Amino acid sequence: NLCPYCDRKMPENPSTKLQQLLKHLEKKSTFAPRPSNSYGRKASLADFSLVCQQHVLETDMLSKAILEGWPLSVDFDGLATRVRQMKNDLKAILQDETARNSSFLWREVLVQINEHGMESIKGFAGRYELFHMVQPGYYGERGLAVIMEVLYSPLPSSLIEKHLDNIAPLDPQSFFKWVLAPEVALRLITTDRNLSGASGMQEGLKVMRASSSYGAAMFPDEYEDCDG
Ligand SMILES: [Zn+2]
């Protein structure tokens, strides 16, 4: 299975994003079979470079994912149910100090604020330099979108408002972003990998951080509008 444009090998499980890029480019290219590639097509460099960048990235990432045991596909339909089942644990993180203090994500963001100030998690730095801290690992942006959507039902703002002292110095929005959402992803990953206990969480956190760029590339939330 070769790329119609550069004749290099295509990934075996192309992401939805890559499939859409290919589909879009098909309209802007012409059929140009050649000895090296009977499905060859021609397009301008500016057009096909996007496709080729993406498939090279995915090929590299897929071999890494296979090596590391990261999933090549995710059951996003079943994800909401898995998140809902964590309802009581998540409420405990909000309501109970012991549960909260056992959350790696909570402790980590507190250290960050103590050492670098509240400003460090807000604004430019918070969005870019510390981006890895809020990423859901191989679940990607699409997984994060499911997590965020489901989180609000067991943890409505009326409940959060009652426990503002517990989550200080974070505000509700930051608490979701920096603690609850990545906590859910971490728990999904530890379950996926049969890890348990504090050392399992620690190991899961490593997996989550290591697989974030893979997740972001493979499972983006919204694909760029390719039909425009
Ligand atoms: Zn290519």
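This briefing describes the domains, the zinc site, the nonpolar cores and selected residues of the structure above.

The model is predicted: local features require pLDDT of at least 70, side-chain atom pairs count only at pLDDT 80 or more, and totals for chains, interfaces and linings use all residues. Residues are numbered from 1 along each chain as its sequence is written, and side-chain values rest on heavy atoms, with hydrogens and water left out. The protein is divided into domain 1 (16-68) and domain 2 (76-218), with bounds that come from an automatic or database domain assignment.

**Domains**

- The C-alpha centres of domain 1 and domain 2 lie 35 Å apart.
- Seven residues from domain 1 and five residues from domain 2 take part in the contact, where contact means heavy atoms within 4.5 Å.

**Zinc site**

- C3 (SG), C6 (SG), C52 (SG) and H55 (NE2) coordinate the zinc ion at 2.0 to 2.3 Å; donors are N, O and S atoms within 2.8 Å of the metal (3.2 Å for Na, K and Ca), and water is not among the atoms, so sites may look incomplete.
- The site of the zinc ion is tetrahedral, with angles of 104 to 115° among its four donor atoms; four donors count as tetrahedral if all angles lie between 85 and 135 degrees.
- The donor residues follow the sequence spacing C-x2-C-x45-C-x2-H.
- Because C6 lies in the segment before α1 and H55 in helix α2 (residues 45-68), the pair ties together parts that are 49 residues apart in sequence. Helices (H or I, at least four residues) and strands (E, at least two) are DSSP runs numbered from the N terminus.
- C6 is partly exposed, at a relative accessible area of 22%, whereas H55 is buried at 1%. Buried means under 20% relative accessible area, exposed over 50% and partly exposed in between (1.4 Å probe, protein chains only).

**Nonpolar cores**

- A nonpolar core is a set of buried Ala, Val, Leu, Ile, Met, Phe, Trp, Tyr and Cys residues joined through side-chain atoms within 4.5 Å.
- The largest nonpolar core has 53 residues, of which L151, L155 and F175 touch the most other members.
- Helix α11 (residues 172-192) gives the most to this core, contributing eleven residues.
- Domain 1 (16-68) and domain 2 (76-218) each supply at least three residues to this core.
- F175 touches I93, L94, W106, I167, L170 and L180, when residues up to four places away in sequence are not counted.
- A second, separate core of ten residues includes Y5, M10, L21 and C52.

**V184 in helix α11**

- V184 is found in helix α11 and is buried, with a relative accessible area of 0%.
- Leaving aside neighbours within four places in sequence, V184 is in contact with V83, M86, L90, I147 and L151.
- The C-alpha atoms of V184 and D89 are separated by 9.7 Å, although the two residues are 95 residues apart along the chain.

**S29 and K27**

- S29 lies in the loop between α1 (16-27) and β1 (30-31) and counts as buried at 10% relative accessibility.
- The side chains of S29 and R41 are joined by a polar contact of 3.0 Å. A polar contact is a pair of N or O atoms within 3.5 Å; within protein, one must be able to donate a hydrogen and the other to accept it, and residues adjacent in sequence count only if both atoms are side-chain atoms.
- A polar atom of the S29 side chain also lies 3.2 Å from the backbone oxygen of E26.
- Not counting residues up to four places away in sequence, S29 touches Y5, R41, K42 and A43.
- K27, found in helix α1, counts as exposed at 59% relative accessibility.

Methods: Four donors count as tetrahedral if all angles lie between 85 and 135 degrees; four count as square planar and six as octahedral if opposite donors are over 155 degrees apart and all others between 65 and 115; anything else is irregular.
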